[in-house]
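This report concerns a model with two protein chains, shown below. Please keep the sequence and the coordinates at hand while reading.

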Amino acid sequence: MSLSRSSAANSAKDTIDIVTGLVLLVLSLVLAFYLIPNYIGEPPILQNPMMSPRWLPNIVSWLMLAFALLLVAQGVLTKTAKEGDERKLVKGPVRRFLVMIAGILVYVFFFEMLGAILSGVLATVLLFLAHPVRTWWAYGFAIALPVGVTLLFVNVMNVPLPLMPF
Amino acid sequence: MDNLAEVLQLFLSIDNFIAIALGVVIGVTVGSIPGLTATMAVALALPFTFSMQPVAAILLLVGIYKGGMYGGSITAILIRTPGSPASACTLLDGYPMAQQGHAKKALKTALFSSVIADFISNIALIFFAAYLAKIALNFGAPEFFWLICFSLTIIISLSSGSMVKGLLAAFMGIMLSLVGLDSVFGSQRFTFGNYNLMDSISFIPLLIGLFAIPEIMEFYRKKAMPHLKAKASGVGMTLVELKRCMKSIVRGSLIGVIIGAIPGTGATAAAFISYSEARRRSPNKENFGKGEVEGVAAAEAGNNGVAGATLIPLLSLGIPGDVITAIILGAFMVHGLTPGPIMFQENLSLIYALFLGIMLSSVILLVVGNAAIKYFSLIADIPKSILFPIVLMFCVYGAYAVNNTTFDIWVMLAFGVVGYVFNRTGIPAAPFLIGFILGPMFEDNLRRSLLIGNGDLSIFVRGPITWFFIVITFGSIALALYRFFQSRKEKTGSSPDNQSA
């Protein structure tokens with residue numbers, strides 16, 4: 001049993017590369033056989049096939065396919081040193097990450113509805129809570145900064161932002 | 001004389017001085033905070049430049065770039081955390097010096113060598129950019145086509161780690177750059193009927209998403225680390241020490257200039273080559289790695305010697321040499337300017353005004369750098385838990401400001417996720433960005449060549465300039481493949497399996 005497990009581990013030396021390669025392989029196939037033929041219009045008469053709007057996307061999708069296969073092969077054949085592997089993270093609590101995502105989504109969904117100031121305050125407070133920031137006075141920044149930065153954008157830099165919901 | 005008056009009129013504006021000073025301050029500040037990068041700061045500052053004059057806008061970004069290059073060394077010396085990859089070399093001698101109580105000396109050495117190297121690099125920029133642009137005036141579409149092919153091969157050198165992943169990232173970048181209306185036939189490409197995608201994917205939200213959002217995501221995904229405090233103690237650098245290091249500084253600056261002018265090589269390589277050269281030639285070579293002041297000087301000179309030189313291919317040929325110059329290229333485009341030989345004919349005064357500003361940035365770096373050493377603890381003591389929510393706010397406001405639409409916030413978020421996945425899978429983001437920028441240029445020049453040549457492919461080998469670029473393109477590919485197989489061989493030779501066998 002242990003023998004088969006170790007031989008399986010040896011045959012797949014870098015799982016991340018193999019999975020990434022397979023995902024990109026599927027993506028390039030979708031591009032080559034579905035997206036390019038259906039979502040790029042081609043003019044009826046072409047002087048040269050290289051002038052076609054589909055020419056470069058086709059070439060690139062086939063190159064992606066070839067290199068995705070190479071990545072899978074690289075993952076199977078090459079062992080990556082575990083020490084110093086920058087892809088690995090020492091993960092913290094999931095709650096922290098989820099509250100941060102909620103903060104970003106506040107901007108995405110409520111930026112125009114609530115305005116830059118209110119959505120900024122709400123998202124910043126959420127991100128402070130996610131860490132969490134325990135010094136109470138720091139929460140003053142969560143109000144002062146969105147107000148200050150919004151006014152800086154609107155009044156100094158002449159960049160129009162939705163100010164308030166009304 | 002008329003030109004000089006026009007240059008001075010463009011340059012002698014209070015806005016330009018404020019922009020350079022502010023840029024350097026932001027760059028040093030951001031560079032000295034581990035986790036925040038100069039690339040991120042330049043990307044975030046881009047939306048602020050919309051309402052500025054072109055000269056002030058570019059100088060602000062160049063100031064951030066230069067400040068960031070130096071700022072990265074501060075944390076490398078004091079807390080053994082390089083603010084940028086290029087500062088990793090400064091750490092080798094800088095941190096041991098700090099541990100021996102000579103932190104201030106190391107910081108001053110880093111500052112003086114950075115400023116000298118930056119100045120030499122700026123001089124090289126002024127001399128070579130105009131010369132190269134003059135040569136490039138003879139280029140037509142086929143010559144530019146091969147130049148872009150050569151520039152695409154730089155992606156291989158930008159692919160730190162895996163060449164396969166770097167090329168995959170570049171192909172993805174090229175593919176996404178094709179979204180929108182086709183420039184020749186007006187056909188829709190991957191727009192899925194969405195009018196927001198008709199004019200291609202917005203560059204700034206993509207940039208912010210790719211380089212700023214993943215850092216924020218990683219901070220909240222990672223286990224919280226204790227906040228490190230640092231102090232710059234000891235005495236500064238003496239004149240005798242500066243004289244002793246001068247040879248290494250000048251040599252390092254020239255190495256930086258040569259490497260910076262070659263697209264894709266980057267500051268990290270320049271810092272390490274300069275360091276190893278200094279070590280090889282120094283009478284104190286046994287002190288290197290144990291706290292040698294010449295080691296810090298050589299690393300920083302190599303690192304900062306690149307800054308001005310990377311602008312040579314950008315200004316003279318319109319080709320970005322690295323990620324930051326790619327962002328600066330975006331800033332030129334936002335202001336309706338296209339860097340390249342034509343700009344030297346049509347906007348010469350603007351280019352010389354930029355040169356003056358870039359020269360001034362070296363002096364400002366000296367002043368700001370000195371202050372940063374003094375007040376560094378104030379900057380670095382801002383916890384990231386307070387900093388990152390503010391960074392996110394700038395990201396969102398900046399992305400929205402481009403077209404005043406929430407769609408761009410979605411684009412930013414989508415590319416943030418892409419950037420995060422890239423980090424987790426080891427796919428480099430720099431080739432993706434270079435591919436995104438060079439993809440349309442490649443296609444445009446290919447089609448223009450075909451139109452000029454009436455479909456005859458012999459136009460691509462029409463003269464000595466095209467032959468030259470064909471040779472260096474294939475030479476660059478051959479060199480990359482040679483390096484790839486060489487490193488494979490070394491890895492296989494040193495693998496534990498082989499050793500045990």
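**Basis of the values**

The model is predicted, and local features need pLDDT of at least 70, side-chain atom pairs count only at pLDDT 80 or more, and totals for chains, interfaces and linings use all residues. Residues are numbered from 1 along each chain as its sequence is written, chains are lettered from A and ligands numbered from 1 in the order in which they are written, and side-chain values use heavy atoms, with hydrogens and water left out.

**The two chains**

Chain A contains 6 helices and 0 strands, and its order along the sequence is α-α-α-α-α-α. Helices (H or I, at least four residues) and strands (E, at least two) are DSSP runs, numbered from the N terminus. Chain A has 166 residues, of which 42% count as buried. Buried means under 20% relative accessible area, exposed means over 50%, and partly exposed lies in between (1.4 Å probe, protein chains only). Of the contacts in chain A between residues at least 6 apart in sequence, 61% join residues at least 24 apart; a contact means heavy atoms within 4.5 Å.

An unreviewed UniProt entry lists residues 21–39, 59–77, 97–130 and 136–156 of chain A under "transmembrane region". UniProt positions are given in the numbering used here, feature names are shortened, and annotations may be inferred rather than shown by experiment. In the model, residues 21–39 of chain A are 100% helix and 0% strand, with 24 Å between the end C-alpha atoms. Residues 59–77 of chain A are likewise 100% helix and 0% strand, and their end C-alpha atoms lie 27 Å apart.

Chain B has 22 helices and 2 strands. Of its 501 residues, 61% count as buried. Among the contacts in chain B between residues at least 6 apart in sequence, 79% join residues at least 24 apart.

**The interface**

At the interface, 75 residues of chain A are in contact with 66 residues of chain B. The two chains bury about 6400 Å² between them, 76% of it on carbon and sulfur atoms. Buried area is the accessible area (1.4 Å probe) that two parts lose on being put together, summed over both.

Between chain A and chain B there are 13 residue pairs in polar contact, both residues being at pLDDT 80 or more. A polar contact is a pair of N or O atoms within 3.5 Å; within protein, one must be able to donate a hydrogen and the other to accept it, and residues adjacent in sequence count only if both atoms are side-chain atoms. On the side of chain A that touches chain B, at least two residues each come from α2 (15–39), α3 (55–77), α4 (94–114), α5 (116–130) and α6 (139–156). The residues of that side comprise 52 nonpolar, 14 polar and 9 charged. Here Ala, Val, Leu, Ile, Met, Phe, Trp, Tyr, Cys and Pro count as nonpolar, Asp, Glu, Lys and Arg as charged, and the others, Gly among them, as polar.

**Salt bridges**

Side chains of opposite charge can pair when their charged atoms come close. A salt bridge is a side-chain nitrogen of Lys or Arg within 4 Å of a carboxyl oxygen of Asp or Glu. By this rule there are 13 salt bridges over all chains, and 1 salt bridge crosses the interface of chain A and chain B. Some of the pairs are tabulated here.

| Salt bridge | Closest N and O atoms |
|---|---|
| Lys165(B) and Asp17(A) | 2.7 Å |
| Glu443(B) and Arg189(B) | 2.7 Å |
| Glu294(B) and Arg244(B) | 3.8 Å |
| Glu277(B) and Arg281(B) | 2.9 Å |

Glu443(B) forms a salt bridge with Arg189(B). Because Glu443(B) lies in helix α20 (residues 429–452) of chain B and Arg189(B) in strand β2 (residues 188–189) of chain B, the pair ties together parts that are 254 residues apart in sequence. Both Glu443(B) and Arg189(B) are buried. Asp182(B), Arg189(B), Glu443(B) and Arg447(B) are linked in a network of salt bridges.

Glu294(B) also pairs with Arg244(B). This pair links distant parts of the chain, with Glu294(B) in helix α13 (residues 293–309) of chain B and Arg244(B) in helix α11 (residues 239–261) of chain B, 50 residues apart. Glu294(B) is buried at 7% relative accessibility, whereas Arg244(B) is partly exposed at 37%.

Glu277(B) and Arg281(B) are 4 residues apart in helix α12 (residues 266–281) of chain B, and are therefore separated by about one helical turn. Glu277(B) is buried, with a relative accessible area of 18%, while Arg281(B) is exposed at 51%.

**Surroundings of Ala117(B)**

Ala117(B) is found in helix α6 (residues 103–136) of chain B and is buried, with 0% relative accessibility. Leaving aside neighbours within four places in sequence, Ala117(B) is in contact with Ser253(B), Ala301(B), Asn304(B) and Gly305(B). Ala117(B) and Ile255(B) are 138 residues apart in sequence and 9.9 Å apart in space, C-alpha to C-alpha.
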